[in-house]
Amino acid sequence: MSDPTTENLKRTPLYDVHVEHGAKLVPFAGYEMPVQYSMGVKDEHLWTREQAGLFDVSHMGPCFLSLEDGIGGGDEAHAKIAALVETLVPSDIAGLKEGQARLTVLLNEDGGILDDLIITRPIGEAAQGSLYIVVNGAVKDADWALFERSFQGKAVLTRADDRILFALQGPKAVDVMSDFFPGCEELKFMHHMPFELNGTSCIVSRCGYTGEDGFEVLVKPEAGLPLVNEMLTDERVKPIGLGARDSLRLEAGLCLYGHDMDPTRDPVEADLAWVIQKVRRERADFPGAERILKARTEGTAEKRVGIRPLERAPAREGTMIQVDGQPVGIVTSGGFGPSVDHPVAMGYVRSDLAGPGTKIDLMVRGKARLAEVVSLPFVPHNYKR
């Protein structure tokens, strides 16, 4: 009989590569994905901090949104597509320069977070009026349905999740990438360039979700499979699974959708108010603007913070936070931080307790364990600015 946990799961174009490299595969966002390889989570994590780790993120939701009446109209066409997208996000999309990307959030009508996503303005006159967008894999179908409902008759969505999307992260990533994509080393953080690879067009973005310098590459399988296989022959590169991906982003203080942010939280509570640029605050024309701008000026009942357990026991997601025996919040992400060699966590606490240095108790296995609120990130970001 087929395994009920895997029989309905999809596989990314890199599935055979994972098997070849001895991956332990688990269900994730509807796919069979590698949680770790032979090195194990801790060593994969540390390798990425010191060398270059290759992550399969093909389960994510890369797509292109283009004006229905055609692309290729310079700044005017960009302004038109940006105006559509800005009805769903609070960030300044119209102000993006060619090749620039921006992390933002999809909002429901009450200002709650439906997803976080990266929106990029392409390079070149012929591409204006389109946007390259990457949403989260677990909610990509819902996000795309929202786009299609909201932009019906005005813009066309083209899915690209049949392609390979991989990330190369770590201090050696730029040296490895420049061997295959000469010129990519000139990119700054949150910028992209189009490239040709064996006659196939692909997109190289300088971004990632580990806190390290790195790149993401969107490429069709016929060119992407040979590329990934060749990269993995480089002694500086190792394949990295979901386990290390999670501990790396946690050390970097980066949110995971469905855990550290969800439709009940607005960007201010989630400590993401920085995604709302001044021009959007002034116009106050995004979903939930009244709630969000009020929260920005008056504060919120709770706030996302970094948490340092002061004992060796990690506090996992769902751990209750107490002060003087009373509940004051909850852990939304937690585990062990290999780079800092101690447990790390994030969660929501009452705003009056959100200051760094505040002592709190974490209810781990029924016992109150001492912790303190700390500034994020736990490990400094190493992006190329």
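Guide: Gladly. Let us begin with a cut-off: a residue is buried under 20% relative accessible area and exposed over 50%, while partly exposed is in between. Please keep in mind that this is a predicted model.

Visitor: Why is D271 called partly exposed?

Guide: D271 has 34% relative accessibility, so it counts as partly exposed. This residue lies in the loop between α7 (242–251) and α8 (278–283).

Visitor: What makes the phi of D271 worth a remark?

Guide: Most residues other than glycine have a negative phi. D271 is not a glycine, and yet its phi is positive, about 60°. D324 is another non-glycine residue with a positive phi, near 55°.

Visitor: And how do you know whether D324 is buried or exposed?

Guide: The relative accessibility of D324 is 73%, and the cut-off for exposed is over 50%, so D324 counts as exposed. D324 sits in the loop between β15 (320–323) and β16 (326–337).

Visitor: Which label does D234 get, and why?

Guide: D234 has a relative accessible area of 18%, and buried means under 20%, so D234 is buried. Its place is the loop between α6 (221–231) and β13 (237–239). The side chains of D234 and R236 are joined by a polar contact of 2.7 Å.

Visitor: Why is the pair D234 and R236 called a polar contact?

Guide: The limit for such a pair of N or O atoms is within 3.5 Å, and the distance here is 2.7 Å, so the pair qualifies.

Visitor: What makes T210 a buried residue?

Guide: T210 has a relative accessible area of 3%, and the limit is under 20%, so T210 is buried. T210 is found in the loop between β11 (200–205) and β12 (214–219). Its side chain makes a polar contact of 2.8 Å with the side chain of Q169, and the T210 side chain also reaches the backbone nitrogen of E212 at 3.1 Å. Leaving aside residues up to four places away in sequence, T210 touches R49, F55, Q169, L248, A252 and L254.

Visitor: How do you know how many disulfides there are?

Guide: A disulfide is a covalent bond between the sulfur atoms of two cysteines. The rule asks for a pair of cysteine sulfur atoms within 2.5 Å, and by this rule the count comes to zero. C202 is in no disulfide, as the nearest cysteine sulfur, that of C184, is 10 Å away.

Visitor: Now the helix α4. Why do you say that its buried residues line one face?

Guide: In α4 (residues 140–150), the buried residues are K140, D143, W144, L146 and F147. Seen down the helix axis, they fall within an arc of 155°, so they line one face of α4. On the other side, A142 and R149 are exposed.

Visitor: What covers the buried residues of α4?

Guide: The cover includes the strands β2 (31–36), β4 (61–67), β5 (101–107), β6 (113–120), β7 (130–135) and β8 (155–159).

Visitor: What makes the peptide bond from L376 to P377 cis?

Guide: Its omega is near 0°. Most peptide bonds are trans. P377 is found in the segment after β19 (367–374).

Visitor: Stepping back, why is the protein called as compact as a globular protein of its length?

Guide: The protein has nine helices and 19 strands. Its radius of gyration is 21 Å, close to the 21 Å that the globule rule gives for 385 residues, so it is as compact as a globular protein of that length. Buried residues make up 55% of the 385 residues, and the C-alpha trace spans about 60 × 50 × 50 Å along its principal axes.

Visitor: Which domains is the protein divided into?

Guide: There is domain 1 (15–58 + 163–251), domain 2 (61–159) and domain 3 (301–385). The C-alpha centres of domain 2 and domain 3 lie 34 Å apart.

Conventions
Residues numbered from 1 in each chain as written. Predicted model: local features only at pLDDT ≥ 70, side-chain atom pairs only at ≥ 80, totals over all residues. Heavy atoms only, no water. Helix = DSSP H or I, 4+ residues; strand = E, 2+ residues; numbered from the N terminus. Buried < 20%, exposed > 50% of the residue type's maximum accessible area, 1.4 Å probe, protein only. Polar contact = N/O pair within 3.5 Å; in protein donor to acceptor, adjacent residues only side chain to side chain. Contact = heavy atoms within 4.5 Å. Arc of directions from axis to C-beta. Domains from an automatic or database assignment. Rg over C-alpha atoms; globule rule 2.2 N^0.38 Å.
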